[in-house]
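I opened my notebook to write down what I could look up, one entry at a time. Here is the structure I was reading.

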Amino acid sequence: MLGQGRHTALALVSLLLLSLREATPIEVPQDPKIQQDLKQPPTIVKQSVKDYIVDPRDNIIIECEAKGNPVPTFSWRRNGKFFNIGKDPRVTMRKRSGTLEIGFRSGGRPEDYEGEYQCFATNDFGVALSNKILLRVSKAPLWPKEVLEPVVVTEGSPLVLTCNPPPGLPPPFTFWMSSAMNPISQDKRVSTGLNGDLYFSNVVAQDAHTDYSCNARFLFTHTIQQKNPFTLKVLTKEPYNETSYNATDPYGGRKVSESTPTFLSPSGSESSKIVQRDEQLLLECIAAGLPTPTVKWFKKGGDLPGNKVKFQNFNKTLKIISVSEEDAGEYVCMANSHLGSIRHSIFVQVKAAPYWLDKPTDLVLAPDENGRLVCRANGNPKPNIQWLINGQPIDTSPANPSRQVLGDTILFRSVQMGSSAVYQCNASNQHGYLLSNAFVSVLDMPPRMLGPKNQLIKVIENNRTFLDCPFFGSPLPELRWFKNGQGSGLDGGQYRVYINGTLEIKRARTEDEGTYTCVANSILGSAENQVRLEVKAQTRIVRFPEHQSAIRGSTARFNCKVKSDPSLPVTVTWTKDDKALYLGWRLRKDDESLTIPNVNEGDEGTYTCTVKSEIDQDSASARLTVLDRPDPPIDLDLSDPAARSVRLTWIPGNDHRSVITEFLVQFEEDRWEPGRWQNLSTYPGDLNSVILQLAPFVNYQFRVIAINSVGQSQPSRPSPRYKTSGAAPDVIPRGLRGWGSKKDNMEITWEPLLDLERNGPNLQYNVWWRRKDVGEEWSNVTTEGSKHIIHNTETYVPYEIKVQARNEFGQGPESNVVIGYSGEDKPTDAPTDFRVSKVDSTKANIHWKSVDPNSVQGEFKEYKLYYWRESSIVPGLMVSKENKTKGIYSTTSEPSGILSDLVPYSKYKMFIVVANRHFEGPPSNTVEFSTKEGVPDAPRFFRINRRSFDTIYLEWDKPLEPNGILTGYQLKYQTVNGSRVGRQQLETFLPNMTDFTLRLPDRSTRFKFLLSALTQVGAGEVFAEESPHFTNEAYIDQVDIATQGWFIGLMCAIALIILILLIVCFIKRSRGGKYPVRDKKDLPLDSVDHKDQDGSFDYHSDEDNKPLQGSQTSLDGNVKESDDSLVDYGEGGDGQFNEDGSFIGQYTVKKDKDETEGNESSEATSPVNAIYSLA
């Protein structure tokens, strides 16, 4: 015993030491080249189930598939003996497979092939085994023939109808039906047990109305077999009436003796049940008794596992799915009625076939490496572990010093080539077994690279980067990385090498670009591969689209400006709500934006701009919210009626994503302006029920308009009409006044009340008046109009007046008293002692004596002065004698005023009258006076011409208003050069001189001139000019050039060429040719040609390249005038040359057709028309 303990201890120590030195098993990559060259023992990849039931009508197929290198061969054992397939013509094996096919076309019975089969897959490196497959043929035996006597039972007693189906493989599914193939309805009282029997907890007379037949359905053959039916005869103590039956009282009021609960199944007070682990547990308790008992379940010493428990068959069956060891124990079912209860205990034991804890896996080792296979399983009872090698017990195999078996573990030390094999672990107990194959392959292979050669990797700057270098070898090679073929291996710092050969660069930078080489070394050789790394700038969106709200019909624009590496082409795509965006004809996309014109509700959503390069991408999203006018309110309702108010309630419409800010309530009335909607009031947008203030005697209907930031909705449908009752007016007529239209009357007028202010029918006005300050009584009148005239009044006397509105319902408030006046007459007196003083060149003081206020005969308005310029003192100067007036308001006894803006050195006449609101009085005495001499106006014109390179010619004209006797002109001038000016010089001229020639010190010299006229008073208004900047000879005064013979000849040649071209053009036009004349014929052309920057004239138009429209030949052969012909733009041939000899003939606006036709004779004088007529 002591020796055995010492041996166990040494084994454990050796196992521990071995585990410390054990190498990691080699993982063989799935690379096709590796797999092709890799020698490997066989592995079972597909096999039939252990318990294999087949349909006897079909061929039998027993599957067995395996892989390995070399390809394995297959053999079979049947019932533990070699199965010679070649001797049985019905049995064939599929090519490159171990699957058996057994056919019965030529005869034979499938039952002859029942038994236990096992497949063996063999190659040079070992043997793999399949499970032992128990083959059985499905059976569906017939029901034994039997004669069933009628079953006699007393009403209220329990009953069991047995089924006893024929045994089948697999067992059949049973159910009960009548011989008429109607299913037997089941409930708390009648139900089918797990064994197929039909249980009646108590029988009622109604149960005898049908027969009962048990049916068995066989799954494989898809057939149903029916047992002979049972016939029931129910004995009753009292007569039975079928019409008295109902579900709540199945005995129809008859007395049936009750019974306490008893169990029909299972029998006794306790029973036991054995169930396999992971299977389902079905426990059944069916009770008898009258009334029908109720069944309840519980577990003794614990709770039922709620997540796995189901109650079936009206609580008579307890089902637990996927049973585990903790589900074992005592389960109690209890049947209850008001007569008592009964219990039954079921003791459940959970047994377990073996199941894996640690399944052995394939092991690939290099020579001299260590490893182990582990096989751990559990079960109830605990399974026995047995090891096999290539299908043979390991105890009977030749001894191997590198292998040691320690129970459920096999240790391998310093394995050598040639020791590859397939090991089987068999774990078994009385409930089943587990069989697993695991091969041990000893492999030696030189290093080799598995990835693509010379791969180019492009990465984004500052990103974490991985360079892959998949490799393989046995023993496992050591891998190192180098950059640009120099230096020591890369590891540490920003580099990290993983065990699978991948090189990590923690943050790629531009200096990390280059060629990286990975080298794998082992004792069997080396292999290398290269990866070229390029670091690129990140692709990113620098101007993001932004959330925006757009009004329906407007244009929305999303930005998406991209910055990327110049060497990487990028594509920009747009999506809407994560779906590809269809641009169509409306949406426009460019490199930096997406434009959505004429936005509608369908455009609302989230737009995402995605920019992609071959190695990275960026995206940004923004939401477009489409705003629109709100929908009109609906369901207008009137409530809370009152004399002058009513409550209006409505339901707001859809605001279309723009909050409703206010509601506008409008009304329409059918009395004065039917059909016209008027604004009543506005209310905040958060209200939908308001009190409307109304006017009396109006038949209203209302509508509501919703308003948001976009605009107004359509009006709602009108509300029902609401009529307010009448009342006396409550408004005072506005605008009351009294005035005279004649000297002996006074008109009293006021503004009539508005329609909504009438408050009732038959609106009238009460008017009162009386003389002011004389103590007379009020006079009054009632009228329907808004005016009353008082006749035979004195001239311009004051009256007190007032007015009041009234209707059928009463009188309104009276107005305040207003002062009015009767009519005015012509003033009778003229102002006296009218005189003038202090006259200068432009002003004169006037004086007069006022009139008696009573003589004004009306409201004093003003004194009106009439004056005019009689003549100029300057000899020979004609003047206008236009009458001018000036009003002066003054109530002093001796008024005065100033008359200004007079023309100097002129003779004036004037008189003055007094005026009231309607009339002017007689004139005063007429006064004559003369203004003094003043300074003259500016010269009428001032022109600067250049006639040679070194002189400037100045000319001017005398002022329109000399304002005195001209004594001459003065000219001040100085040189200018940008902001710098020279010394000012002065020239004076006699009155009859109007030109001056100035010699230039230099061709480029420019001058500023200040010219003014002189009188004895002084210098007048200055006329300022600057000489133009002359840069070439073209600006020399053309008067001299035009007199040169060579110039005249050149102009004649140009005119001749133009004439010839016009003749050619019109001939071509008469033959249907078209000319590039303006299409826009109704638009006037510019009257002045525009110069280009170089000084040349540009007669080109955007329309010049368009074909002439409307030019054609008529049917009678005459030429039809084009709407755009040159004739239409001609001015009677009045082409001219200006002073510098340039051609100034221009297109003019097209003449009216009638005018043209009416002046044919004048057009015939035009050279253009003459040519046209010849063509």
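My entries cover the disulfides, the core, one serine and a few backbone details.

**Entry 1: the kind of model.** I noted at the start that this is a predicted model.

**Entry 2: disulfides.** I remembered that a disulfide is a covalent bond between the sulfur atoms of two cysteines. How many disulfides does a search of the whole structure find? I got six. Counting bonded cysteines along the chain, I wrote the pattern as 1-2, 3-4, 5-6, 7-8, 9-10, 11-12.

I looked up C64 and C119, whose sulfur atoms are 2.0 Å apart. This pair links distant parts of the chain, with C64 in strand β4 and C119 in strand β9, 55 residues apart. Their link is left-handed, with -75 degrees about the S-S bond. Both C64 and C119 are buried.

Next I took C163 and C214, joined with an S to S distance of 1.9 Å. C163 sits in the loop between β13 and β14, while C214 belongs to strand β17, 51 residues apart. The torsion about their S-S bond is about -65 degrees, so I called this disulfide left-handed. C163 counts as buried because its relative accessibility is 0%, and C214 is buried with a relative accessible area of 0%.

Then came C375 and C425, with sulfur atoms 1.7 Å apart. C375 lies in the loop between β30 and β31 and C425 in strand β36, so the pair ties together parts that are 50 residues apart in sequence.

**Entry 3: the core.** Which residues touch the most other members of the largest nonpolar core? Of its 35 residues, I found I60, I62, W76 and F472. Elements giving two or more residues to this core include β3, β5 and β9.

**Entry 4: S716.** I found S716 in the loop between β62 and β63. Is S716 buried or exposed? S716 counts as buried because its relative accessibility is 6%, below the 20% cut-off. A polar atom of the S716 side chain lies 2.9 Å from the backbone nitrogen of V704. Beyond its sequence neighbours, S716 contacts residues including P632, L636 and R703.

**Entry 5: backbone details.** I marked the peptide bond from L290 to P291 as cis, with omega near 5 degrees; P291 lies in the loop between β23 and β24. N454 has a positive phi of about 50 degrees although it is not a glycine. N454 is exposed, at 57% relative accessible area.

Methods
Residues are numbered from 1 along each chain as its sequence is written. This is a predicted model: local features need pLDDT of at least 70, side-chain atom pairs count only at pLDDT 80 or more; totals for chains, interfaces and linings use all residues. Side-chain values use heavy atoms; hydrogens and water are left out. Helices (H or I, at least four residues) and strands (E, at least two) are DSSP runs, numbered from the N terminus. Buried means under 20% relative accessible area, exposed over 50%, partly exposed in between (1.4 Å probe, protein chains only). A polar contact is a pair of N or O atoms within 3.5 Å; within protein, one must be able to donate a hydrogen and the other to accept it, and residues adjacent in sequence count only if both atoms are side-chain atoms. Contact means heavy atoms within 4.5 Å. A nonpolar core is a set of buried Ala, Val, Leu, Ile, Met, Phe, Trp, Tyr and Cys residues joined through side-chain atoms within 4.5 Å. A disulfide is a pair of cysteine sulfur atoms within 2.5 Å. Lists of a residue's contacts leave out its neighbours within four places in sequence.
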